[in-house]
Each structure stands twice: as C-alpha cells, then as structure tokens.
Amino acid sequence: MALRVVSALKLGLRGPGSGLLRSGTFFLSATQHRLEKMPSSIGFPVTSRRPFSNHRILVDMDQTLGVATMKLKNPPVNSLSLELLTEFVINLEKLEIDKSCRGVILTSNNPKIFSAGLDITEMHGKNEAHYAEYWKAVQELWLKLYVSNMVVISAINATSPAGGCLMALASDYRIMANNPKYTIGLNETQLGIVAPFWFKDTLVNTIGNRAAEHALQQGLLFSPDDALKIGLVDQIVPEDKVQSTALSMMSEWLKIPDHARQLTKTMIRGPTAHRLLKQREADIQNFVSFISKDSIQKSLHMYLKSLKKQKE
C-alpha cells in the first residue's frame with residue numbers, strides 16, 4: 001500500500017508544478033536520504049547553532065539537535081503576504097537539503113499573534129495575474145509543509161485564524177498556548193470567502209467530517225480548550241512553556257527511525273497532497289475567478305475598511 005501511494009505521488013509530480021516537492025517528498029530513496037541527514041555530534045561543538053534570516057522569516061538551526069526553529073516576522077500580525085510565503089518556502093527548502101536538520105518548529109516572533117492568515121491586501125484591488133501568483137504561493141506553502149520529510153511541530157504561541165490555522169494543520173503536531181483570549185480555526189466564511197477543497201481536506205483529516213462541516217460552514221474560531229477537545233491541537237500548555245514543550249516533543253518524535261516515519265506519513269498524507277497536485281491549475285483558476293467577482297471585492301473592501309477604523 002505504501003509503495004502504491006508513493007508511486008501515485010511521483011506521477012503527480014511529473015505534471016504541472018513538478019519539482020514542487022523535490023526536497024520534501026518521500027520516494028523509495030527516502031531511507032537512504034534521511035539516514036544521511038541524521039545528525040552526528042562528531043565535529044559539532046556542544047552549542048552548534050546557525051541563525052539565518054530574511055526580512056520576514058527568522059531561522060535558528062541547532063545542528064547538534066538537528067532541529068530548526070522558524071519564526072514568522074511580518075508585523076503587525078504576520079499576515080501571509082506574497083513576500084512572506086516566498087521567503088518561507090525558500091527557507092524550508094534550505095532546511096530540507098540540510099543534512100543536519102531532521103525537524104522544524106514553527107512559531108511566531110510576535111508574542112501576541114501566531115499568524116492572522118492570508119493577506120487580504122494581496123486579494124483586493126489587484127489584477128488576475130497577481131491573484132494567480134499569490135494563490136500558487138499559498139498552495140506551495142501548504143504542500144511543502146504537509147509532506148515535508150522533516151518532523152514539523154507548530155508552537156502556536158497566540159491566536160491563529162484562517163491561513164495561520166492552515167499552517168498549523170499542515171504540521172505533524174500542534175502545541176498551543178493556553179490563554180482563553182487566543183483562538184484558532186478556519187474562519188473564511190465570516191469574511192465571505194470559501195475555503196478551498198484542500199483546506200477542507202486537511203481539516204477533515206484532523207478533526208473528522210462532521211466537526212469539520214460544522215466548523216467550516218460557521219467559520220468557527222476555537223479557544224485552546226475547545227481546540228484540544230476536537231483534536232484541532234494536540235496539546236495546550238502555559239504560554240511560557242510553548243517553546244520548551246515543542247522542543248521536548250520534538251525529541252520524542254526524533255526517536256522514531258526517519259524512513260519508517262516518512263513512509264507512514266506519505267501513506268497517510270500522500271493522497272491528499274496528490275489531489276491538489278492533479279488539480280493545481282484548476283484550483284488557481286477557481287480562486288482567481290472567485291476573488292475577482294465584484295461582490296467578493298466589495299466584501300473584502302468593507303472588511304479592510306473596518307480594520308482601518310479599528311486602528312483609528
């Protein structure tokens with residue numbers, strides 16, 4: 001069964017968007033590839049750390065642990081702008097080919113927000129070519145995370161709606177700060193936007209069909225307690241324990257042999273990723289057609305106007 005899934009995913013990568021997962025797919029060579037990536041303390045000092053960053057992504061690579069921490073830094077609310085999406089994917093690709101990196105912790109540089117989600121300004125008042133470019137970048141972010149060779153743990157330090165929730169859902173394990181003021185969920189319908197099928201698939205795979213149907217139609221945002229109850233997050237901890245808990249949990253995940261974990265991940269997640277790969281261009285066109293509608297543009301305009309008033 002695992003080999004059939006791997007073969008199917010390989011076929012999908014030969015079509016449009018081939019190379020999309022070149023550093024993050026699980027093929028038959030995965031065993032050898034990841035064994036080569038397993039870190040060794042030989043040649044590394046006890047505190048072997050290598051920080052690097054762009055404008056919107058901060059990366060701290062601990063080569064001794066084999067774990068990188070990626071922090072979103074796009075003030076004021078870590079919106080997923082085209083620039084952030086591009087930088088994120090580039091940095092994730094760097095980590096995928098880094099032989100010392102086996103795991104990634106996703107978090108925010110802003111203690112008050114994980115990510116507010118998709119950047120509405122990228123979807124309003126632009127031309128169709130821009131909308132297509134932006135949506136392709138959103139697709140790529142999800143695909144890179146969802147089938148990454150590495151263990152991906154989200155350290156959700158604050159509120160994470162919409163696209164921020166999607167990033168967390170694409171990870172292998174989710175830890176959220178236990179503050180009743182924080183929320184998480186796919187709330188697109190509240191903005192007059194329809195979550196695409198792969199958003200829906202990811203949520204259904206996580207919390208089940210009935211709970212996902214209820215959450216998506218109403219655009220629900222869940223408190224940490226409620227998110228834990230439905231399985232949207234795996235663990236809630238005090239705010240000052242989010243990062244340390246993520247590191248502790250990562251050490252448990254890294255005890256599992258990489259090749260076995262990767263092939264199992266592919267067997268489970270491969271069909272969902274392959275479904276988007278088969279329909280990638282159609283999904284882009286659907287998004288462009290939808291977001292270009294006058295009614296949607298008016299809705300987004302009103303939302304942006306309300307945000308501006310809140311700041312005044």
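## Pocket close-ups

**View 1. Elements around the largest pocket.** In this predicted model, four elements each supply at least two residues of the lining of the largest pocket: β6 (117-118), α6 (197-207), α11 (280-291) and α12 (294-311). Of these, α12 gives the most, with six residues.

**View 2. Centre and volume of the largest pocket.** The space in the largest pocket comes to about 1,000 Å³. Its lining counts 41 residues. Nearest the centre lie A116, L118, I120, L191 and Y303.

**View 3. Lining of the largest pocket by class.** Nonpolar residues number 25 in this lining. Another 11 residues are polar, and five are charged.

**View 4. Centre and volume of the second largest pocket.** About 280 Å³ of space lies in the second largest pocket. Its lining is made of 14 residues. D172, W253, K265, I268 and R269 are the lining residues nearest the centre. The most come from α10, with five residues.

**View 5. Lining of the second largest pocket by class.** Here the lining holds five charged and five polar residues. Four residues are nonpolar.

**View 6. Helix α6 at both pockets.** Helix α6 supplies at least two residues to the lining of the largest pocket.

Technical notes: Residues are numbered from 1 along each chain as its sequence is written. This is a predicted model: local features need pLDDT of at least 70, side-chain atom pairs count only at pLDDT 80 or more; totals for chains, interfaces and linings use all residues. Side-chain values use heavy atoms; hydrogens and water are left out. On a 1 Å grid over the protein atoms alone, a cavity is a set of points where a 1.4 Å probe fits but cannot get out, and a pocket is an open set with protein on both sides within 12 Å along at least five of seven lines; lining residues have an atom within 4 Å of a point. Grid points are joined across faces, edges and corners, and a volume is the space filled by probe spheres set on the points. Ala, Val, Leu, Ile, Met, Phe, Trp, Tyr, Cys and Pro count as nonpolar, Asp, Glu, Lys and Arg as charged, and the others, Gly among them, as polar.
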